[in-house]
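Have a look at the structure first, and then we can go through the helix packing and a couple of residues.

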Amino acid sequence: MELREVNKLLKIDPTNTEMLAQKQALLTDAISETKEKLDILKNAESQVQEQFKKGEVSEEQYKALKRELGRTEVELANLEETARQTDTAIEELGKSSKLSGDERKEAEEKAGDFKETLGDLAVSKIRQKVRG
């Protein structure tokens, strides 16, 4: 299921823990993919910068890469903020008296799993920088 579809369903029922969990999973995947794309663009940037200095690529090509790099950084920041908001929504539902004991436990577990996944992604990113 795509993120747009999940968001539409959550507009109808913002307390649907299954849809919130799906949204978390989709956001986690999107964050991971966007980080990979950003790494590729950053690696390409240094190469293209050297090629630009040598006259092997045009100024427009270099600027296009820089724009894509900027767009990707903004996209990543937006995804991470949406993920934090989703995590907060799940935690709030977990605390809410609207949920039964089992539902509350499930919501809290999903929020914890998501935080762990984001933490793993952050550690992976730091390791890449150290190796890089």
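## H2 against H3

Let's start with a helix pair. H2 and helix H3 (residues 59-95) pack with their axes 8 Å apart, at an angle of about 160 degrees. Angles over 145 degrees count as roughly antiparallel, so that is the label for H2 and H3. As for handedness, the crossing of H2 past H3 is left-handed.

Keep in mind that this is a predicted model, and everything here is computed from it.

## H1 against H2

H2 has another packing partner to look at. Helix H1 (residues 3-12) packs with H2 at an angle of about 155 degrees, and the two axes are 10 Å apart. That angle also lies beyond the cut-off of 145 degrees, and H1 and H2 are therefore roughly antiparallel to each other. H1 passes H2 in a left-handed crossing.

Which residues make the contact between H1 and H2? On the H1 side they are Leu-3, Val-6, Asn-7, Leu-9 and Leu-10. H2 brings Met-19, Leu-20, Gln-22, Lys-23, Leu-26 and Leu-27 to the contact.

Is Thr-28 buried or exposed? Its relative accessible area is 11%, and buried means under 20%, so Thr-28 is buried. The side chain of Thr-28 has a polar atom 2.8 Å from the backbone oxygen of Gln-24.

Now go to Leu-93, which lies in helix H3. Leu-93 counts as buried because its relative accessibility is 9%, with the cut-off for buried set at under 20%. Leu-93 and Thr-17 are 76 residues apart along the chain, yet their C-alpha atoms are separated by 8.1 Å.

## The whole chain

Stepping back, what does the secondary structure of the protein come to? There are four helices and zero strands, and from the N terminus on the elements run α-α-α-α.

The protein has 132 residues, and buried residues make up 30% of them. Take the contacts between residues at least 6 apart in sequence: 63% of these join residues at least 24 apart. The accessible surface of the protein comes to about 8,800 Å², and carbon and sulfur atoms account for 49% of that surface.

Definitions and conventions:
Residues are numbered from 1 along each chain as its sequence is written. This is a predicted model: local features need pLDDT of at least 70, side-chain atom pairs count only at pLDDT 80 or more; totals for chains, interfaces and linings use all residues. Side-chain values use heavy atoms; hydrogens and water are left out. Helices (H or I, at least four residues) and strands (E, at least two) are DSSP runs, numbered from the N terminus. Buried means under 20% relative accessible area, exposed over 50%, partly exposed in between (1.4 Å probe, protein chains only). Contact means heavy atoms within 4.5 Å. Accessible areas come from the Shrake-Rupley method with a 1.4 Å probe; for residues, only the protein chains shown count as cover. A polar contact is a pair of N or O atoms within 3.5 Å; within protein, one must be able to donate a hydrogen and the other to accept it, and residues adjacent in sequence count only if both atoms are side-chain atoms. Axes are lines fitted to C-alpha atoms, for helices over the stretch in contact, and angles run from 0 to 180 degrees between N-to-C directions. Angles under 35 degrees count as roughly parallel, over 145 as roughly antiparallel, 65 to 115 as roughly perpendicular and the rest as oblique. A crossing is left-handed if the near helix is turned anticlockwise from the far one by less than a right angle, and right-handed if clockwise.
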